[in-house]
Amino acid sequence: MEIKLRTFGSQKDKGAVILIVNACSSRDVTENVVGVCFVGQDVTGQKLVFDKFTRIQGDYKAIVQNPNPLIPPIFGSDEYGYCLEWNASMDKLTGWKREEVLFTTCLILMQCTLFQCCLG
């Protein structure tokens, strides 16, 4: 469970503290609850980084997946050279659709595209 705690006093300017918590109970031989244990971890820093990443990811998608012709041709690959992103401007530039090139080797695609541009 995630809990967001407000801060007070001298810590108020630092904002909320976010904890991931878990609870368990101790029971006696007749199954009556005789104690409760709470364990928590401060994940405020991780949560802030994750939220920032989520915002950046939204900005990225808004740019790369935008069909506006003013957006330049953009493609992306992983560390092995496989195409993971291909925008509408790349469709227009190469004549290949996004669905055709995703998860193929970008190096081969770019060599073919450059070769076609040189011939045409």
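This report covers the fold, the surface and the cysteines of one protein model.

The model is predicted. The protein holds four helices and five strands. Their order along the sequence is β-β-β-α-β-β-α-α-α. Of the 120 residues in the protein, 18% are buried. The accessible surface is about 9,400 Å². Carbon and sulfur atoms account for 62% of that surface. Take the contacts between residues at least 6 apart in sequence: 16% of these join residues at least 24 apart.

**The hairpin**

Strand 4 covers residues 75–77, and strand 5 covers residues 83–86. The two strands pair in the antiparallel sense, over three bridges. Phe75 stands opposite Trp86 in strand 5. Together, strand 4 and strand 5 form a hairpin, with five residues between them. Gly81 sits in the turn and has a positive phi of about 90 degrees.

**The cysteines**

A disulfide requires two cysteine sulfur atoms within 2.5 Å. By this rule, the protein has zero disulfides. Cys37 is in no disulfide. Its nearest cysteine sulfur belongs to Cys24, 4.4 Å away. That sulfur is therefore not within the 2.5 Å that a disulfide needs.

| Residue | Relative accessible area | Class |
|---|---|---|
| Cys37 | 35% | partly exposed |
| Cys83 | 0% | buried |

Buried means under 20% relative accessible area, so Cys83 at 0% counts as buried.

Methods. Residues are numbered from 1 along each chain as its sequence is written. This is a predicted model: local features need pLDDT of at least 70, side-chain atom pairs count only at pLDDT 80 or more; totals for chains, interfaces and linings use all residues. Side-chain values use heavy atoms; hydrogens and water are left out. Buried means under 20% relative accessible area, exposed over 50%, partly exposed in between (1.4 Å probe, protein chains only). Contact means heavy atoms within 4.5 Å. Accessible areas come from the Shrake-Rupley method with a 1.4 Å probe; for residues, only the protein chains shown count as cover. Two strands pair if DSSP finds at least two bridges between them.
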